[in-house]
Amino acid sequence: MKYFFYQMKKHPLSIVGISVLLLWILIAIFGPQLTSFTHTAMDAEHQMTAPGEFGHLFGTDSMGRDIMSRIIYGSRSILTVALMTSIFSTIIGILLGFTAGYFSGKIDAAFLRTMDILMAIPPLVLSMVVLGILGDSSILSLTLIVSIAFIPATARVSRGVLLTEKSQEYVSAARIRGESHFYIMFIEILPNTTGPIIVEATARFAYSIMMVASLGFLGVGLQPPTPDWGMMVIENKPIIAQAPWAVLFPALAIASLVIAISIFSDFVSKVLIHER
Amino acid sequence: MNDNILDIEHLQVLYKTFDGEFSAVRDVSLTLKPNESIGIIGESGCGKSTLAFSIMRYLAPNAVLDGKIFFKGEDLMLKSEKEMSTYRGNRIAMVFQNPSTSLNPALTIGFQLDEVGIHHQNLSKAKAREATLEALTMMNIGDVKGTVKRYPHQISGGIQQRICIAMAILCKPDLMILDEPTTALDVTTEAVILDSIKALKDSLNMSLIYISHDMGVINKVSEQVVVMYNGEIVERGPKAKIFEHPSHPYTRALINCMPRGGVVKENAKLNTIKGYVRRRGLVETGCPYAERCDSRNETCEALYGMRTISNEHYAACDRAYAEDVEETVKKKRIPKTRVQIQEPTNLLEITDLHKVYGNKRKVFAVNGINVSVQSGSVLGIVGESGCGKSTTGHMVSGLYQPTSGAISFEGYDISLPWNKRNSETLKDIQLIFQNPGRSLNPSHTVEQIIGRPMKRLLSMNSPLERREKIITLLHKVDLGKEYLTKKPNQLSGGEQQRVAIARALSISPRMIVCDEPTSALDVSVQASVLNLLNELQIESQVTYLFISHDLNVINYLSDTIMVMYAGKICEYGKRDEVMNDSHHPYTEALLSAVPEVDPTKQKDPIRLEGQLPDPAKKPKGCPFAGRCHVQVGAICENEYPPMVRLSDTHHYFCHIKPTT
Amino acid sequence: MNRTLSIILRRTVSLLITLTVMSLIIFLLVEIMPGDVAQMILGQSATEEAVSALREARGLNDPVMERYFRWVGGVLTGDLGESIYMKGVTINSILWRRVGHSLVLALSAFILFVPLSIILGVLAGVKENKPTDSIISFLGLATMALPEFVSGVFLITIFGVQLNWFPIVSIIPIGESLFNNLEILFLPALSITFVMFGYVSRMQRSSMIQVMNSDYIRAAILKGMNRKYVIFRHALKNALLPTITIIGMNMGWLFGGLVVVETLFGFPGMGSLLMTAIKTRDVPLIEACVLLITVIFSLSTMITDVLYSYLNPRVRFQGGQR
């Protein structure tokens, strides 16, 4: 724990990153209380107003909607989906990866084959096609589809970590006590794998945001009235010359959030590596 | 000005770390003459490697050096990095412990050797290649032209190390530093390399610094011995004097920790050193060994300093045989008396046991062995890497399933893997592993580790009951109650192994398979673990299957010995029969290869060339044929030798009959 | 048989199996799409009979597996079918030109990011913890985190709107070819480059650091070789090898990035075609595009694997004696 603060002092950048992340989380939780505008109110008289005018801190878009409110409301959905996706894909990844790595042989071979096949399609393309076909992009279906696209990666990491631990002698010691497979996998091995898995989960969190934003950009993300940052970019792109802020602010929101999470993930890996 | 190769004056190396500053080398002064060979012996943390790297001026960035290092009159401490690079590999060369990681896997052997000549002596490519081939031939490597084209991973460990040595001698250096170069190798391979090193020293007129934890190895290569403890030199002198009459208590204690010929469990316990090495801060002064010393008295801190014992023999203390303190070393070594409690029975019977790994690419690990083990005895299984001893141990304990053959325990067939064995069997046979750090789950506490087998196999479900028993077990292995909540990474290697032993004992097994349990430990720690194993065995009459590659350890602890080679038994018999009256050529070669701690003992060298037979091929004939120094002809290669019985308890497999 | 050859053979077989299964999945996935294909062709106002007649004519009432094999048969003979949305237009006529454009775009991005990531990654690794490293590492972290459309938007704003150096949309005027309008490639390629640079340079850096800390580098330095020589002749070979694998592993992001970037810039490539196909529920076009993307992606992964096996002495030359 002491090392946590030591590393923070050594890399001041991580303080910035973690603060930004916390800021976004706070915005997501308390944000809506802060704006006077709603995210859907369309003000025909104040379309494409520049930031600062008429009380719109970030300006308005082509339909007169307040951009700042839309960003604040959008933060909730994007963070929720990303969080659920990273948790879900990590858990399923652990279950699949551990089983494949532990039992080896045919089960492992089948697992690797399946993952190979799933990985033959780029994840964005897969999600895009499925969501586009299904038509409906609720928070649940977004979470589910993106998780499926990510599972080959998380499962691979889990399998790798398990294989490393499996060859350690304490696993053999457990075997000659006659422990059950479940006990060995989850009581003996799992506690020693938390480091790499947590790092991977935080990285997944960052990728999830990127993925959800990209899907929104492609039009298959969350549908109106829920504001989607990616969607905000594509909707306002035609007016980028006249009202660049309508595109820039959502883009900056995405960038800042993902960079903050990446810095956080990097920092977590530095701390956890030392612990070993 | 003298003509010393090396003059180290008051060297001090400090490391600045997250946890504070500590000194790795403290006030070390050393001289080395031309063509002189010294061996530096010490256990982990003594600073011997740091000393070596200091001479090369290659330390981590957080190291702070002080003092002078004169090489042929020039102070190396004043040299820039660029200047140092003209010395390295050229006037001072170094050979490392692990040859497979010291060679670049992406470059051919030839390239890695040629570059030394090209770089230091400005040779042309052709001339450099000539020098390379010459150096390789000097190291007795066969097929030099083929070797230079290969990559490191295509070559075996012993030859890799010879290549590393060849690299070091290319420029005919004045000083060669060897940092545990043979520790990772088999003892027969080691013997060959030690011979070459000795020959090279004389033919090239080099000075050597040989670092090792093994006194026997140092005796082979050096005339002078330097003993280091916790960053300081505690004694230096000719090897015979050091062995006969060590003056520093640490030296004396260390020598008595080493198992060797003549020292067996019945006549002496191994000496142990209480406590353990700890890091020293910057301001600490005084004798580093005082707190662990048996001969300590009140004046120890004040009278600290290097004294002259005799010609060429110096020590930082002369109290090894002090009379004002009780003689504890001799007392410690009084062995416990052995009492036979029960009638010995045939506890374990192994019949024609085979193990073959793999489907397409097979590995024939164990090729038919027969042995039986009496209850209450210790069977030592000895052999080099690839002989199948670990595999045999794993089959007995249930980690592997035999491919064919039978293992029976108390009459019941246990040729089953662990997941098919019943609780009784699991309870009766336990295993202690080589690497204690890895055999304990790093996330569990000591209490959980020792308690779990009791919960699982003895159905002892009350935590309080378990805790009581755990505390008793901890006392048995000389650990206190405070260890209950510790995690493995807070323990030293020796403590970890004790916890592993306590864990194995917790369910009172009838037999424990000990798979190289002391190979990863320092000599003094190894001694205490061996003593412990011995005492526990005397007390509970448990049977041990003791597997090791170290013949001295086997000699100390075993009642019967089984020598294995390439998956088959070469020789089997009572300890004294095998050690003193061996008949199998491999046993003889093995015995002659083991380096002697006592420098006055001479041995007939039997040097084996060649390698193990290919484990991917089904064995035909005697596995040792081809390397055997007394091979009688084609019959050795074509027919598997018959068993020759020398007595009820002693037999071996060879075509050569004993000369009566 | 030559080891490399046998590896290629095995991977090709593996690839074919993957593609077969993939094609089935793609086909089935698209088939479960709600909405009636025949209806879409004829429009809302069509009569019931006309719709069912068309369904018969197109064989849409046949069982799924039959339709699948018909499709696969068509694909193998080079007939990818007709677009539904663009009535009567064969897919072949529009797809291949677009594939070419996308490949050019991907290649441009490749040329940009591969040398840049490797050089800067190695530099950062060699100068670990010094200012150079901090700058490069931060750049890598930042660019890694920018989805392609975000960096694209920034680029458009700066270079397109404010500075007016590059066009803000990347369309090719009708009648002209891509090669007359190469300036439209720059911003899209740069957007893709950012993400890939972030990733690859960071991995390259840690690979370099690991190599520089290895025993064999220590041995080389202690043989008296100077630092520059050690870096170039000893370290690089070992540090670059994993990079090939890393680039291969990240091809997925590259392809995903293509889709996003083409949509943002209006670039006439495979990605934007797929987007259009999905929006218009153009079933045959969706199937063709996804299949093609999968084929190219799998091929590129296979090529990187084979390249790695060839260049790694440990894999290429079997371990000899024990």
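**Strand pairing and chain contacts**

Modeller: This is a predicted model. Let us begin with strand β10 (residues 232-238) of chain B, which is joined by 2 bridges to strand β12 (residues 313-315) of chain B, the two running antiparallel. In β12(B), Ala315(B) is the bridge partner of Glu235(B).

Biologist: In which sense do strand β9 (residues 224-229) of chain B and β10(B) pair, and over how many bridges?

Modeller: Their pairing is antiparallel and extends over 6 bridges. Within it, Glu235(B) of β10(B) stands opposite Val227(B). The hairpin of β9(B) and β10(B) has 2 residues between the strands, and Asn230(B) there adopts a positive phi near 50°.

Biologist: Is β10(B) largely enclosed or open?

Modeller: A residue counts as buried if 20 or more other C-beta atoms lie within 10 Å of its own. In β10(B), 6 of the 7 residues are buried, so the strand is largely enclosed by the rest of the structure.

Biologist: How many helices and strands are there in chain A?

Modeller: Chain A has 11 helices and 0 strands. Of its 276 residues, 55% count as buried.

Biologist: How should I read the interface, and how many residues of chain A are in contact with chain B?

Modeller: The size of an interface is often expressed as the accessible area lost when the parts come together. Here, contacts link 14 residues of chain A with 22 residues of chain B. On the chain A side, helix α7 (residues 169-175) gives the most, with 5 residues. By class, that side comprises 5 nonpolar, 4 polar and 5 charged residues.

Key:
Residues are numbered from 1 along each chain as its sequence is written. Chains are lettered from A and ligands numbered from 1 in the order in which they are written. This is a predicted model: local features need pLDDT of at least 70, side-chain atom pairs count only at pLDDT 80 or more; totals for chains, interfaces and linings use all residues. Two residues are in contact if their C-beta atoms, placed from the backbone, lie within 7 Å. Helices (H or I, at least four residues) and strands (E, at least two) are DSSP runs, numbered from the N terminus. Ala, Val, Leu, Ile, Met, Phe, Trp, Tyr, Cys and Pro count as nonpolar, Asp, Glu, Lys and Arg as charged, and the others, Gly among them, as polar. A residue is buried if 20 or more other C-beta atoms lie within 10 Å of its own, exposed if 12 or fewer, and partly exposed in between; C-beta atoms are placed from the backbone. Two strands pair if DSSP finds at least two bridges between them.
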